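Here is a briefing on a single chain. Start with one residue, then step back to the fold as a whole.

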Amino acid sequence: MFKNQPKGLFALALANTGERFGYYTMLAIFALFMQAKFGWSEAQAGQVYAIFLAVVYFAPLFGGMLADKIGYGKCVTIGMLTMFLGYLGLAIPTAPDTVGLVSMYAGLACVSIGTGLFKGNLQVMIGNLYDDPKFADRRDDAFSLFYMAINIGAMFAPSMAKWITNQYLANYGFTYDAANVSPDYLQALYGGYGLCFGVACVSLVLSAVIYFACKSWFKHAMKTAKQAKEDNNSNVEELTPAQTRERITALLLVFAVVIFFWMAFHQNGSALTFFAKKYTNLSISGGMRMWFNIFSLALIALAIYTGFATFQSEKKKTRIICGVSTIALVAIAIGLFLGMDDPTMAQPSDFQQFNPFFVVALTPFSILFFGVLAARNHAISAPARIAWGMLLAAVGFGVITLASIGLTSPMDLGDGTQSVLSPSWLIGTYFTLTIAELFLSPMGISFVSKVAPPKYKGLMMGGWFVATAIGNYLSSIPSMLWNKIPLMYNWAILIALCVIAAIFMFSMLKRLEKVAK
């Protein structure tokens, strides 16, 4: 899994891990922050949340266009600085007035622009590492590992946000209470949420340290096609105008499909968080508590990797060490679980840790599964994986639909709660959606890095994020409908869109697979 990969992959992946940790710490509480500080409804908070996500993922289009001219490395550096200024602006305490609102929007704008310069171009650099024929056959695995690294940062983010919020509330004599709407409590709550933006500043600094300390490992991947050609780089592929058009058309078809995946998938920060807040029992008891101890989950995820190494390592000594480590990690995880309060209180943002945990934990199984199929001459192409991912996303929302049977509609529930559901329903939803994500997202990024015409790599990677941006904006639809239609209708819309997109993708497989050869 980690063998025969260029070391530049690990440096770039770790740099992105730190940046994503800060971003998802902020994102875990962003909608709740707006509700607590400005008194906004789910529809208002969900709309701003969706617009922010849309801009964040639309900006890489322009970041990619700029990088194709001035270089990927320069844009990544400028992006990190701009993001830092944005998070710093969000972290500065302000009142819930016009000044506070303008300050928030200015910070969000800087984060969006900085992400546009950073995110897509970092991924182009990773793809460039695999233009070398020596590493070409490791491209799909590389993006799966890169995606796993992103989610290591994301996995710890909700727990960090929860810990900071609880500590801040405790200083004012409060504990988290979703039903408490007193002014003093809300002021303390959004004050705690504001500190989470400061975490993003710190993590971004750590990312920058890793990036610049290891720059020599990937310096050659920072060049554009023009710069590489000027250096007489023989790995630069020359395409005819017809081939260029064919590749761009294929990518546009993929972008059209993934719009609907991200529309459905990014309910985690809005509709699914509102579902956790309104309908899920946040008093966790018994074995279910294990899911709400991030350190136990992290140790279990690490044990999966040491477990794989136990069987895959070539040296007996290494296998023994990994085997013992696996047992020890599981034992410590169980010990941490047994030391938890029973019951323990969860927060709605806690549920956002399950998706990144499942990505990290399931990535080795995903690589093994597709590797075994390839070894038996039954390899599943990237476009086919995207199509199957869309179907699995529909199944994921089928789970939450079953959970919604018999629940009071949000329009009838008002500001109240109906906290009757077991957390297992949401955990099961996130599990299924994560499998869908592993089929679709890393393979989609790999497909773009492979198929994009060399002189348009930044632009095409930006196009992937534009599709994500449109999907993120459309993710506001369930929030806007939250208090207007029954829950099951909301989920049914998402299921139908995923199924239609999957059917379209399957119909285009031959054309897309031909381009990817």
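A residue is buried under 20% relative accessible area, exposed over 50%, and partly exposed in between. H220 has 49% relative accessibility, so this residue counts as partly exposed. The model is predicted.

**Around H220**
- H220 sits in the loop that runs between α6 (183–213) and α7 (225–230).
- N128 is 92 residues away from H220 in sequence, yet the two C-alpha atoms are 8.5 Å apart in space.

**The nonpolar core**
- The largest nonpolar core holds 159 residues.
- F30, Y87, Y211, F275 and W464 have the most contacts inside this core.
- Helix α1 (residues 7–38) gives the core its largest share, 18 residues.
- Beyond its neighbours within four places in sequence, Y211 touches residues that include L12, A15, G73 and V76. Its contacts also include F218 and M222.
- In soluble globular proteins, nonpolar side chains tend to be buried together.

**The chain as a whole**
- The secondary structure consists of 19 helices and 2 strands.
- The C-alpha trace spans about 65 × 55 × 45 Å along its principal axes.
- Of the 517 residues, 58% are buried.
- Contacts between residues at least 6 apart in sequence are 86% between residues at least 24 apart.

**Surface and charge**
- The chain exposes about 20,900 Å², and 66% of this comes from carbon and sulfur atoms.
- There are 35 positive and 24 negative charges, and their mean positions lie 10 Å apart.

Methods
Residues numbered from 1 in each chain as written. Predicted model: local features only at pLDDT ≥ 70, side-chain atom pairs only at ≥ 80, totals over all residues. Heavy atoms only, no water. Helix = DSSP H or I, 4+ residues; strand = E, 2+ residues; numbered from the N terminus. Buried < 20%, exposed > 50% of the residue type's maximum accessible area, 1.4 Å probe, protein only. Core = buried A, V, L, I, M, F, W, Y, C linked by side-chain atoms within 4.5 Å. Contact = heavy atoms within 4.5 Å. Areas by Shrake-Rupley, 256 points an atom, 1.4 Å probe, with all protein chains shown as cover. Lys, Arg positive; Asp, Glu negative; His and termini not counted. Charge placed at Lys NZ, Arg CZ, Asp CG, Glu CD.
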